[in-house]
Amino acid sequence: MSSQLLEILNGVKTMSIVGMCKNAGKTTMLNWMLHHDRLRGTLGLTSIGRDGESTDVVTGTEKPGIFVREGTLIATARDMLRLGDVTTEILATTGIPTPLGEVVILRARSAGNVQLAGPSITSQLREVSRMFFELGADKSIIDGALGRKSLGARAVAEGVVLCTGASYHMSMEKVVADTANIYRIMNLPKAETLPPEAEEGLEKCLKEHGEALAPGALTDSMVVPLLRSGVLRGGRLVVKDPSRVLLTPDTLDKLRTRQVRLETAEAARTLCVTINPVSAYGWKFDKDEFMARMKEAVDVPVINVKEELA
């Protein structure tokens with residue numbers, strides 16, 4: 001699996017790593033990619049929010065640090081500089097403020113552990129990636145924060161690594177179902193053209209044009225009445241990015257049944273799904289069953305971070 005996975009990961013210039021929950025194995029996956037030149041060229045690394053701390057602030061469990069090799073470019077808040085053990089050289093300031101100080105771009109002059117606290121706004125992440133490439137990076141990696149905001153990272157990444165695990169919920173069935181739903185939303189097709197924006201309401205725009213660009217989020221309470229009235233049948237809905245899709249799996253199924261095209265203005269693809277069958281809260285799943293179920297739910301490689309990336 002590793003050679004196939006590396007071929008996929010090396011096929012994109014920008015990627016984000018998104019966790020469905022704390023302790024999903026996101027840092028394990030990131031470290032696996034960062035070690036031993038598995039990813040070719042000079043890497044640029046930042047995060048949405050803070051990551052890399054040695055102890056999980058929610059569970060109190062020990063966390064692996066983020067280990068970078070010499071030459072890696074790092075975008076992090078100034079206050080984080082004293083917490084790592086790498087020798088660094090400041091290359092540029094970004095003017096991007098965070099609660100932990102301005103985001104600066106460094107070059108690692110030695111290998112070691114770092115802590116990240118990066119931008120949280122899509123436009124800022126785009127700017128950091130642009131600066132990475134301007135400073136000689138071959139690839140930009142965004143370590144995604146917990147929550148739906150990470151879906152927005154798709155707007156600045158060609159590919160997404162989706163990490164999930166037993167810590168998300170005690171029910172394996174729910175973990176698989178919810179992960180499959182996020183996967184489905186993340187991989188909405190890119191709109192080739194943008195329809196008129198529905199500033200005066202979706203129903204009015206759909207009646208006039210047969211398609212609409214949603215100005216904000218799509219919710220069940222907005223979409224279900226349109227499905228019942230028939231105005232959506234055979235139509236097209238476009239959202240700006242996947243974080244705007246707040247629809248249940250049932251409503252997504254109904255859209256497909258009624259031949260409604262749901263698309264997004266931003267495009268990326270899920271590169272792989274990683275699973276961690278061991279929960280930080282004391283339970284664990286049967287690893288083989290978990291793997292089999294997840295493979296049935298998604299059509300990209302599935303990797304057990306506890307075994308395959310050890």
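Predicted model: local features only at pLDDT ≥ 70, side-chain atom pairs only at ≥ 80, totals over all residues.
## Nonpolar cores and salt bridges

Leaving aside residues up to four places away in sequence, isoleucine 141 touches Met15, Ile17, Leu30, Leu34, Leu39, Leu43, Gly44, Leu45 and Thr46. A second, separate core of 22 residues includes Val223, Leu226, Val260 and Leu262.

The largest nonpolar core has 30 residues; Leu9, Met15, Met29, Met33, Val68, Ile141 and Val161 touch the most other members. At least two residues of this core come from each of the following elements: helices H1 (2–9) and H2 (26–34), and strands E1 (14–19), E2 (43–47), E4 (66–68), E11 (159–165) and E17 (269–276). Helix H2 supplies the largest share, five residues.

Lysine 26 in helix H2 and aspartate 143 in strand E10 (residues 139–143) lie 117 residues apart, so that the pair links distant parts of the chain. These two residues form a salt bridge, and both are buried.

In the whole structure, a search finds 20 salt bridges.

| Aspartate 143 | Lysine 26 | 2.9 Å |

The partners of the second pair fall into separate accessibility classes. Aspartate 241 has a relative accessible area of 11% and is therefore buried, being under the 20% limit. Arginine 244 counts as partly exposed because its relative accessibility is 25%, between the limits of 20% and 50%.

Glutamate 289 and arginine 293 are four residues apart in helix H8 (residues 287–297), so about one helical turn separates them. Glutamate 289 is partly exposed because its relative accessibility is 35%. Arginine 293, with a relative accessible area of 32%, is likewise partly exposed.

Salt bridges also connect a group of three residues: Glu127, Arg130 and Glu134 are linked in a network.

Conventions
Residues numbered from 1 in each chain as written. Heavy atoms only, no water. Core = buried A, V, L, I, M, F, W, Y, C linked by side-chain atoms within 4.5 Å. Buried < 20%, exposed > 50% of the residue type's maximum accessible area, 1.4 Å probe, protein only. Contact = heavy atoms within 4.5 Å. Salt bridge = Lys/Arg side-chain N within 4 Å of Asp/Glu carboxyl O.
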